Structures are given as structure tokens and as C-alpha cells.
Amino acid sequence: MLLVWYKREFPWTDVLRLWEALWTDYLSSQFHLFIALAILEKHRDVIMGHLRHFDEVLKYINDLSSTIDLSSTLLRAQALFRRFQRTVETIDRKHSFPPPNTVRQRKGPAASSGANASTLSAATKGTSGPRFNLTGKAAAPAKQGSSAGATGADAGVAKETEGEGKKEEKVISPELRALLSRKVEKLDTRSVVAHGGGVG
């Protein structure tokens, strides 16, 4: 498929339209891969459900020649590209936020009356008075020997951060990030000839 840029898969007029769309590099210089993915996604149920061997998949894909609708394939490829782009942006945005344990909590209002002052001092000392977590429910009293100011919410955050350390982080590799680039890679003529390509 990629060797001749879908020349065998579409009628000639559709091939010209497809090549024009690919050579503009409007969304990405690697948009031909999203075209291939769109074709595979359209036929994935048949491929995954009924075809077990490589030669069966190859024969099925070869038999698709001149039966693929270009307009729907281009729309599907664009939707796949946009979904991939949003996924990359979401992962990048997730890594730009500070970790949850560094977020500072808002302090209570300054005590202006005697009743407020006694309630505030009792809550900070941990001797009496209810403590509330972020959900507004009364939290369990702090244990003896625990750090002052540790609330049920703080303990919950600590447990969450410990659990997050065990999960694998999603990282976008440079190769995947290059799929979003419009930059066209130009090969050096000498290196192409050295690897057996080119005219010569």
C-alpha cells in the first residue's frame, strides 16, 4: 500500500485527489499512515474476527483494491489524526500540572471573635472539636505520634500519591510525536545511494 501511495487501491481520479491531499502536508507529513489506519479500522472486525494468518490478511487487503471509498477514508483518517492529536495534548497537559501533594490548601479565615478563636485553636491542636476533610464529612481524629496538621484528607492524598508512583506513566515517544509534524524529512543523496536507493 505505502510503496506506491495507494495507486492500486483507488481508481485513477481518486488516486490523483489522494496524492494531492497527501502532498500538501496539511495535517501531517505522515498522513499516509493515518490513511492506512483508516482502511484497517474500517475492516477491523473482519480482520480480527475471521482472519488468523498473515497470508489471509494480505489476500483480504489486496482484494480491497478499487472497492475503497476515498471520501469516507479521508474523513476517517482525519478523525483518527485529530483523536491522536488530542491524546498527545492530554498527556502533555497532564504532565504540566503539579503533583497533588504540593498543592497548598487554603487557610481558614482569621479568628475575629472569641468563639471562632477557641474552635480554631481546638481544631489545630487536635485535642477536641470535629475535623472535616475535603468532602465536608467529619474525619477521624489524628492518631498520637502523627504529624501535627495531618488530616484524613492529607492521608488520602498521601495514599493516592503512593499508588500513582506504581502506575506506569504514559509517555509520547519522539517517533509518535513526529506523526504530528508537518516537517518533511529530506534524505541526503549520498546516504540514499549508499543504501542502494536512487538512480545511479
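The expected span of a helix is 1.5 Å times one less than its number of residues. Helices (H or I, at least four residues) and strands (E, at least two) are DSSP runs, numbered from the N terminus. This is a predicted model: local features need pLDDT of at least 70, side-chain atom pairs count only at pLDDT 80 or more, and totals for chains, interfaces and linings use all residues. Residues are numbered from 1 along each chain as its sequence is written, and side-chain values use heavy atoms, with hydrogens and water left out.

**View 1. Overview of the protein chain.** Nine helices and two strands make up the protein chain. Their order along the sequence is α-α-α-α-α-α-β-β-α-α-α. Of its 200 residues, 20% count as buried (under 20% relative accessible area; exposed is over 50%, partly exposed in between; 1.4 Å probe, protein chains only). The accessible surface is about 15,500 Å², and carbon and sulfur atoms hold 58% of that (Shrake-Rupley method, 1.4 Å probe). Take contacts (heavy atoms within 4.5 Å) between residues at least 6 apart in sequence: 66% join residues at least 24 apart.

View 2. Helix α1 covers residues 12-23, 12 residues in all. At 1.5 Å a residue it should span 16 Å, and its end C-alpha atoms are 16 Å apart, which agrees. Val15, Leu18, Trp19 and Leu22 of α1 are buried. Seen down the axis, the buried residues of α1 fall within an arc of 100 degrees, so they line one face of the helix. The arc is that of the directions from the helix axis to the C-beta atoms. An α-helix has 3.6 residues a turn, so residues three or four places apart point the same way. Exposed Thr13 and Glu20 sit on the face of α1 turned away from its buried side. Cover for the buried residues of α1 includes α2 (31-42) and α5 (70-96). After α1 comes Asp25, with a positive phi near 55 degrees.

**View 3. Crossing of α2 and α5.** The axes of α2 and α5 come within 8 Å and cross at roughly 110 degrees. Axes are lines fitted to C-alpha atoms, for helices over the stretch in contact, and angles run from 0 to 180 degrees between N-to-C directions. The two helices, α2 and α5, are therefore roughly perpendicular (65 to 115 degrees). Residues making the contact include Phe31, Phe34 and Ile35 of α2, and Leu74, Ala77 and Phe81 of α5.

**View 4. Ser181 in its loop.** Ser181 lies in the loop between α8 (174-178) and α9 (189-194). Ser181 is partly exposed, at a relative accessible area of 28%. Not counting residues up to four places away in sequence, Ser181 touches Ser28 and Ser29. Ser181 and Ser29 are 152 residues apart in sequence, but 6.4 Å apart in space, C-alpha to C-alpha.

How values were computed. Parallel < 35°, antiparallel > 145°, perpendicular 65-115°, else oblique.
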